[in-house]
Amino acid sequence: MRKVSIFGATGSIGQNTIDLIGRDPSAYDVVALTGGAKIEQLAKDARRLNADLAVTAHEDRLGDLRDALAGSGIEAAAGQQALTEAAARPADWVMSAIVGSAGLPPGLEALKQGATLALANKETLVCAGALVLETARKHDAKLLPVDSEHSAVFQALVGEDMQAVERIIITASGGAFRDWPLSDLASATVEQASSHPNWNMGQRITIDSASMFNKALELIETKEFFGVAPSQIEVLVHPESIVHSLVGFTDGAVMAHMGAPDMRHAIGYALNWPDRRDLPVDRLNLAKLGQLRFHDPDEARYPALRLARHVMERGGLSGAIFNAGKERALDHFIDRKIGFLEMADIVETALDRAEAESSLIDAPLTLDNVLQTDHLARKWVDETVAQRAG
Ligand code: NAD
Ligand code: MG
């Protein structure tokens with residue numbers, strides 16, 4: 001039996017992972033499940049999968065979790081430290097599906113145990129790419145992409161030589177506002193930004209899809225994961241979300257990965273890798289679809305892409321600033337303190353402020369430095385938002 005843990009088990013990716021594992025329970029020995037405020041869900045899944053341990057990120061919910069697990073023999077724990085301790089429990093395969101930079105410390109801990117880390121949490125590579133890759137190498141741990149674009153690229157690269165790769169083209173649906181006039185974006189509401197045309201995902205990544213901050217994070221993730229130059233990475237808007245990404249080779253050939261927009265494709269590939277097994281996903285009927293459309297992204301509509309290009313060139317801790325600034329700006333948008341278009345402005349202000357203190361960006365890429373930088377960028381965003389309000 002394979003020992004598996006799921007971080008962020010109560011979220012959208014976590015629940016899809018549980019769906020796959022739950023179809024073949026005798027194949028898996030579930031070590032730890034972690035979640036946030038959805039205590040009932042966490043306890044229900046821990047019981048169903050007979051996990052050893054369930055952890056909530058909220059320290060003050062430990063009593064509730066204990067109550068919900070009473071009589072099951074499943075251990076309960078709470079808080080950020082408990083999350084990292086859960087990650088230190090030996091497992092063969094770990095799903096990293098916490099949202100935000102909070103996913104970094106447990107992910108690094110799992111790599112230190114030599115686990116195969118299935119990485120849905122793109123923030124891990126955006127904040128600390130070189131550190132994460134080095135930790136994996138040192139502990140002989142494997143990183144597998146779960147973001148659909150990166151899984152697509154990974155699959156298109158099977159058996160290929162990276163020397164023959166000319167470019168990587170990541171597709172983008174364009175999100176909720178792809179057909180809106182630019183002049184309407186400033187007044188877009190949280191509700192409008194929270195509905196995705198093709199994918200059913202957590203609220204934060206759905207809003208990030210509308211602003212293309214999600215694609216911006218994915219550009220950086222592509223550079224870090226595949227080790228290609230920023231100039232080799234392109235974004236292509238593809239409204240149907242059927243082609244999940246493409247790789248162009250030096251002979252002009254382009255390999256595209258296609259499938260129904262269902263995250264269980266990418267999760268299942270990482271779970272079964274290097275094999276392919278049956279997955280409960282819709283089969284494509286291209287004749288029925290009839291056509292697939294593609295066009296270049298409009299950078300005026302999506303300033304996040306320009307900021308990501310800057311971060312890829314700048315390197316160092318600029319990814320940590322970019323991500324934390326984005327997370328905090330998104331908090332303020334969700335709290336209705338700032339408008340939709342202000343998010344990119346505010347992140348850019350944080351990047352400029354970091355640039356003025358360049359020793360900060362060029363400090364060594366350690367976990368401590370990433371966490372401190374993350375904290376600082378959030379504080380800067382709060383200051384900018386307060387100034388704007390005042
Ligand atoms: P979600 O909001 O649905 O779930 C997030 C999970 O993380 C929940 O279990 C929540 O309890 C937990 N969590 C939130 N904040 C936490 C914290 N501070 N500490 C510990 N746990 C915390 O998110 P999601 O859509 O499943 O996305 C998870 C990750 O996967 C994100 O990094 C996202 O970018 C990435 N991803 C998601 C999709 C998708 O289809 N949903 C696709 C590609 C990549
Ligand atoms: Mg993606």
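These are my notebook entries on a predicted model, taken one feature at a time.

**Entry 1: the core**

I began with the largest nonpolar core, which has 129 residues. I asked which of them touch the most other members, and found Leu33, Met95, Phe322, Phe333, Phe340 and Met343. Next I looked up where the largest share of this core comes from: helix α14 (residues 318–334) supplies it, with eight residues.

Leaving aside residues up to four places away in sequence, Met343 touches Ile207, Ser211, Phe213, Ala329, Leu330, Phe333 and Ile338. I noted that Phe333, one of those contacts, is also on the list of residues that touch the most other core members.

**Entry 2: α9 against α14**

Leu330 and Phe333 came up again when I turned to the contact of α9 with α14. From α9 I wrote down Gln203, Arg204, Ile207 and Asp208, and from α14 Lys326, Glu327, Leu330, Asp331, Phe333 and Ile334. The two helices pack at an angle of about 100°, with their axes 11 Å apart. An angle from 65 to 115 degrees counts as roughly perpendicular, so α9 is roughly perpendicular to α14. I sorted the residues of this contact by class and got four nonpolar, one polar and five charged.

Arg204 sits in helix α9 and is partly exposed, with a relative accessible area of 22%. Not counting residues up to four places away in sequence, Arg204 touches Val99, Glu327, Leu330, Asp331 and Ile334. I also checked Arg204 against Asn214: they are 10 residues apart in sequence, and their C-alpha atoms are 9.3 Å apart in space.

**Entry 3: α6 against α10**

How do helix α6 (residues 123–138) and helix α10 (residues 213–226) pack? I found an angle of about 10° and axes 9 Å apart. Angles under 35 degrees count as roughly parallel, and α6 and α10 are therefore roughly parallel to each other. On the α6 side the contact is made by Leu125, Val126, Gly129, Ala130 and Leu133. On the α10 side I listed Leu217, Ile220, Glu221, Glu224 and Phe225. By class this contact has seven nonpolar, one polar and two charged residues.

**Entry 4: the magnesium ion**

Which residues coordinate the magnesium ion (ligand 2)? I found Asp147 through OD, and Glu149 and Glu218 through OE, at 2.1 to 2.2 Å. Along the sequence the donor residues are spaced D-x1-E-x68-E. I looked up the accessibility of both. Glu149 is buried at a relative accessible area of 7%, and Glu218 is buried at 1%.

I went through the backbone with one reminder in mind: most residues other than glycine have a negative phi, and most peptide bonds are trans.

The peptide bond from Trp273 to Pro274 is cis, and its omega is near 5°. I placed Pro274 in the loop between α11 (264–272) and α12 (286–289).

Met212 has a positive phi, near 65°, although it is not a glycine. Met212 lies in the loop between α9 (203–211) and α10. Is Met212 buried or exposed? At 1% relative accessibility, Met212 counts as buried. Its contacts, again without residues up to four places away in sequence, are Ala172, Gly174, Val237, Tyr302, Ala304 and Leu305. I also compared Met212 with Asp374: they are 162 residues apart along the chain, and their C-alpha atoms are separated by 21 Å.

Arg336 also has a positive phi, near 65°. Arg336 is found in the loop between α14 and α15 (342–356).

**Entry 5: helix α5**

Last, I checked helix α5 (residues 104–112) and found eight of its nine residues buried, so α5 is largely enclosed by the rest of the structure. The buried ones are Leu104, Pro105, Pro106, Gly107, Leu108, Glu109, Ala110 and Leu111. After α5 comes Gly114, whose phi is positive, near 80°.

Conventions. Residues numbered from 1 in each chain as written. Chains lettered and ligands numbered in written order. Predicted model: local features only at pLDDT ≥ 70, side-chain atom pairs only at ≥ 80, totals over all residues. Heavy atoms only, no water. Core = buried A, V, L, I, M, F, W, Y, C linked by side-chain atoms within 4.5 Å. Buried < 20%, exposed > 50% of the residue type's maximum accessible area, 1.4 Å probe, protein only. Helix = DSSP H or I, 4+ residues; strand = E, 2+ residues; numbered from the N terminus. Contact = heavy atoms within 4.5 Å. Axes fitted to C-alpha atoms, helices over the stretch in contact; angles between N-to-C directions. Parallel < 35°, antiparallel > 145°, perpendicular 65-115°, else oblique. Nonpolar A, V, L, I, M, F, W, Y, C, P; charged D, E, K, R; others polar. Donors = N, O, S within 2.8 Å, 3.2 Å for Na, K, Ca; no water.
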